[in-house]
Amino acid sequence: MKNILFVASEAVPFIKTGGLADVVGSLPKCFDRENYDVRVMIPKYLCIKEKWREGMTYVNHFYMDYLGQSRYVGIMQYEYEGVTFYFIDNESYFGGEKPYAGGLWDLEKFSFFCNAALSALPVIGFRPDLIHCHDWQTGLIPVYLKDGFQGGEFFRGIKSVITIHNLKFQGVWDVKTIQNFSMLPDYYFTPDKLEAYKDGNMLKGGIVFADAVTTVSQTYADEIKTPFYGDGLDGLMRARANSLRGIVNGIDYDVFNPATDTMIAQTYDAKNFRKEKGKNKKDLQAQLGLPVDERKFTIGIVSRLTDQKGFDLIQSVMDELCSDDVQLIVLGTGDEKYENMFRHYDWKYHDRVSAQIYYSDELSHKIYAGCDAFLMPSLFEPCGLSQLMALRYGTVPIVRETGGLKDTVEPYNEYESKGTGFSFANYNAQEMLDTVRYAKYVYYDKKREWNKIIDRAMAADFSWQASAKKYQEMYDWLIG
């Protein structure tokens with residue numbers, strides 16, 4: 001039996017701000033239970049919903065010296081879907097209204113968490129063969145395993161992996177501050193370790209000291225070795241290329257299943273979508289006040305409205321897009337300029353554009369089920385989950401070839417009758433518009449081809465089980 005511990009700052013169903021939580025919460029239950037005992041450790045935030053907090057059981061507590069004070073560390077436990085979740089409790093650190101406060105407080109809080117997580121292991125009597133860390137919040141753990149925790153018999157030989165979910169966030173402050181919070185000696189603050197461009201960098205520490213580094217798609221793993229995507233760490237990513245691999249995220253195929261989804265008007269599957277899927281479009285059009293027309297080419301967007309997601313491209317061709325024979329449905333919040341831009345076009349072309357500037361889980365499912373195509377023109381996208389949901393629902397993705405979008409959406413090839421979606425290579429508004437128009441042409445004029453694209457899209461497997469197999473291979477390679 002191989003013991004694996006995931007350590008992260010968030011995990012579904014307990015606390016979620018982004019895709020990281022989906023990975024940490026969903027992946028552990030997909031491992032082969034006979035050979036892997038995978039458990040999870042996150043902070044016990046006061047903002048975790050009461051129904052989850054009430055179900056936690058007390059395991060133990062101890063006091064730990066941190067920044068010259070004796071600090072309380074409580075350990076709680078919750079069994080969920082057969083996986084053991086541990087929670088590190090300290091109300092002064094984890095008592096806020098949100099899991100992240102930003103700035104200095106987060107750096108101190110997660111430095112404390114890295115120390116407490118490792119210190120708790122002998123207390124709970126679980127010795128992992130490998131600790132799988134996620135993002136900068138746990139970047140100090142691989143460093144500590146090579147430093148202060150190496151002395152004890154318990155910790156000797158524990159391997160570590162760090163997964164980069166988004167390289168933009170690195171846990172950076174001046175060296176003195178990071179050194180103080182991490183309590184590491186001067187030795188670690190050199191350019192080949194935790195120092196980067198005269199600052200301390202917690203993620204860099206994790207990347208340098210972990211036994212292996214992963215990120216959430218193979219293309220993103222290649223991209224971050226280049227200056228444009230590398231955010232100052234591209235040299236380090238090239239240096240670690242031999243122990244860097246990309247494993248694409250999955251989605252929960254029980255939750256995202258058009259055959260059983262209770263949030264959509266009409267369930268359907270790969271066999272009957274030709275007859276049934278359109279009913280979801282008519283329901284969605286009626287709900288949003290668009291003209292109800294099952295034949296109308298409908299494009300959906302469910303996203304944070306930010307530059308990273310390619311909304312500047314959409315903005316620059318919006319009038320042309322709206323003059324075409326399409327309907328556009330947008331759901332999400334984000335930068336004010338994009339929120340207002342979509343509101344404006346909803347007002348100007350009310351029969352073609354529906355802007356829903358809020359977030360609703362239920363409406364997102366209806367969009368995945370009811371639209372014909374799904375637009376994701378991201379500037380960069382480490383993995384992306386929306387395109388996986390779109391594929392699952394037979395809603396054809398139109399994406400830019402970057403990161404996980406390039407790895408998961410196979411571009412349509414009319415000559416070989418291949419592909420699960422449409423894609424364009426350059427970050428260019430005209431190229432995006434041409435691709436949307438090409439997709440629209442196939443939809444209206446080559447309906448049989450369009451339906452075959454849907455057949456292939458719905459047959460693609462991006463479940464967590466597929467990802468788990470790749471992680472198992474990596475664990476076996478590291479632990480032996």
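Modeller: Let me start with a term: on a 1 Å grid over the protein atoms alone, a cavity is a set of points where a 1.4 Å probe fits but cannot get out, whereas a pocket is an open set with protein on both sides within 12 Å along at least five of seven lines; lining residues have an atom within 4 Å of a point. Grid points are joined across faces, edges and corners, and a volume is the space filled by probe spheres set on the points. The largest cavity here has a volume of about 30 Å³. Please note that this is a predicted model, where local features need pLDDT of at least 70 and side-chain atom pairs count only at pLDDT 80 or more, while totals for chains, interfaces and linings use all residues. Residues are numbered from 1 along each chain as its sequence is written, and side-chain values use heavy atoms, with hydrogens and water left out.

Colleague: What lines the largest cavity?

Modeller: Leu321, Cys322, Val326, Gln327, Leu328, Arg352 and Val353 do. Strand E14 (326-331) gives the largest share, three residues, and helix H13 (318-323) supplies at least two. Helices (H or I, at least four residues) and strands (E, at least two) are DSSP runs, numbered from the N terminus.

Colleague: How do the lining residues of the largest cavity divide into nonpolar, polar and charged?

Modeller: Five are nonpolar, one is polar and one is charged. Ala, Val, Leu, Ile, Met, Phe, Trp, Tyr, Cys and Pro count as nonpolar, Asp, Glu, Lys and Arg as charged, and the others, Gly among them, as polar.

Colleague: Why is H11 called oblique to H15?

Modeller: Helix H11 (residues 273-288) and helix H15 (residues 361-370) pack at an angle of about 130 degrees, with their axes 8 Å apart. That angle makes H11 oblique to H15, because angles under 35 degrees count as roughly parallel, over 145 as roughly antiparallel, 65 to 115 as roughly perpendicular and the rest as oblique. Axes are lines fitted to C-alpha atoms, for helices over the stretch in contact, and angles run from 0 to 180 degrees between N-to-C directions.

Colleague: Which residues of H11 and H15 make the contact?

Modeller: Among them are Lys277, Asp283 and Leu284 of H11 and Leu363, Ile367 and Tyr368 of H15; contact means heavy atoms within 4.5 Å.

Colleague: What is the volume of the second largest pocket?

Modeller: About 310 Å³ of space lies in it. Of its 17 lining residues, Arg274, Glu294, Asp372, Tyr443 and Lys447 are the closest to the centre. H11 gives the largest share of this lining, five residues.
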